[in-house]
Amino acid sequence: RARKVRSGSCGRRRPTALCSTTTASHTRSGICALSLPTARCTSTRASEVQSERKVRTEWPDGEAQLFEGERGAERLVREEFADGEVQHYEGEKGVERVVRVEFPDGTVYHIEGEKGMERLVREEFSDGEVQHYEGE
């Protein structure tokens with residue numbers, strides 16, 4: 001998916017009009033002032049800017065991504081879709097792998113394996129039925 005971002009000389013990149021922060025660093029238009037050139041940055045403490053990290057991205061189609069980790073090492077831990085599906089991830093930034101998928105009907109997939117080699121190992125249904133899988 002192509003994602004629009006603004007980039008200013010202060011090095012901040014945020015999805016346009018999607019940043020959910022409500023601090024004074026945002027202009028009336030909703031665009032993060034931290035993504036504007038440094039001369040227009042409204043942050044009064046450099047330490048605030050340097051320690052900020054991405055924790056959530058929301059998209060107009062209802063998708064949301066949640067992140068954990070220090071600034072620059074934020075890793076995807078959960079992805080929520082508009083239809084109610086939720087995917088859970090583990091792993092370091094750039095090598096996150098899906099480990100569990102929850103569907104709106106109550107079905108849950110449990111997945112194992114490294115990124116690109118994931119395989120379904122267990123499927124749980126809302127009626128209590130559980131199916132186990134083996135093999136590569």
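Is Glu 124 buried, exposed or partly exposed? Glu 124 turns out to be partly exposed, with a relative accessible area of 25%. On this scale, buried means under 20% relative accessible area, exposed means over 50%, and partly exposed lies in between (1.4 Å probe, protein chains only). The model is a predicted one, so local features need pLDDT of at least 70 and side-chain atom pairs count only at pLDDT 80 or more, while totals for chains, interfaces and linings use all residues. Residues are numbered from 1 along each chain as its sequence is written, and side-chain values use heavy atoms, with hydrogens and water left out.

First, the overall layout. Going along the sequence, the pattern reads β-β-α-β-β-β-β-β-β-β-β. Of the 136 residues in the chain, 30% count as buried. As for contacts (heavy atoms within 4.5 Å), 12% of those between residues at least 6 apart in sequence join residues at least 24 apart.

Eight strands line up in an open sheet with antiparallel pairing, in the order β3-β4-β5-β6-β7-β8-β9-β10. The edges belong to β3 (56-58) and β10 (130-132), each with a single partner strand, so one side of each has no neighbour in the sheet. From one strand to the next, the twist averages 20°, with axes being lines fitted to C-alpha atoms (for helices over the stretch in contact) and angles running from 0 to 180 degrees between N-to-C directions. Strands count as paired if DSSP finds at least two bridges between them. Strands β4 (residues 64-68) and β5 (residues 75-80) pair in the antiparallel sense over five bridges, and Leu 66 has Arg 78 as its bridge partner in β5.

Arg 78 also brings in the charged side chains. The structure holds seven salt bridges, each being a side-chain nitrogen of Lys or Arg within 4 Å of a carboxyl oxygen of Asp or Glu. In one of them, Arg 78 meets Glu 80 at 2.5 Å, N to O; Arg 78 is partly exposed, at a relative accessible area of 29%. Another joins Glu 124 to Arg 122 at 3.0 Å, N to O, and Arg 122 is partly exposed too, at 27%. Elsewhere, salt bridges with shared partners tie Arg 56, Glu 58, Arg 78 and Glu 80 into one network.

Arg 97 is worth a look of its own. This residue sits in strand β7 (residues 97-102) and forms a salt bridge with Glu 90, with the closest N and O atoms 3.9 Å apart. Glu 90 is partly exposed, with a relative accessible area of 44%. The side chain of Arg 97 also reaches the backbone oxygen of Gly 113 at 3.5 Å. Leaving aside neighbours within four places in sequence, the contacts of Arg 97 include His 88, Tyr 89, Lys 115 and Glu 118. Val 77 is 20 residues away from Arg 97 in sequence, with 9.1 Å between their C-alpha atoms.

The largest nonpolar core has six residues: Phe 67, Leu 76, Tyr 89, Val 98, Val 101 and Ile 111. Such a core is a set of buried Ala, Val, Leu, Ile, Met, Phe, Trp, Tyr and Cys residues joined through side-chain atoms within 4.5 Å. Not counting residues up to four places away in sequence, Val 101 touches Glu 85, Val 86, Gln 87, Thr 107, Val 108, Tyr 109 and Ile 111.

Technical notes:
Helix = DSSP H or I, 4+ residues; strand = E, 2+ residues; numbered from the N terminus. Polar contact = N/O pair within 3.5 Å; in protein donor to acceptor, adjacent residues only side chain to side chain.
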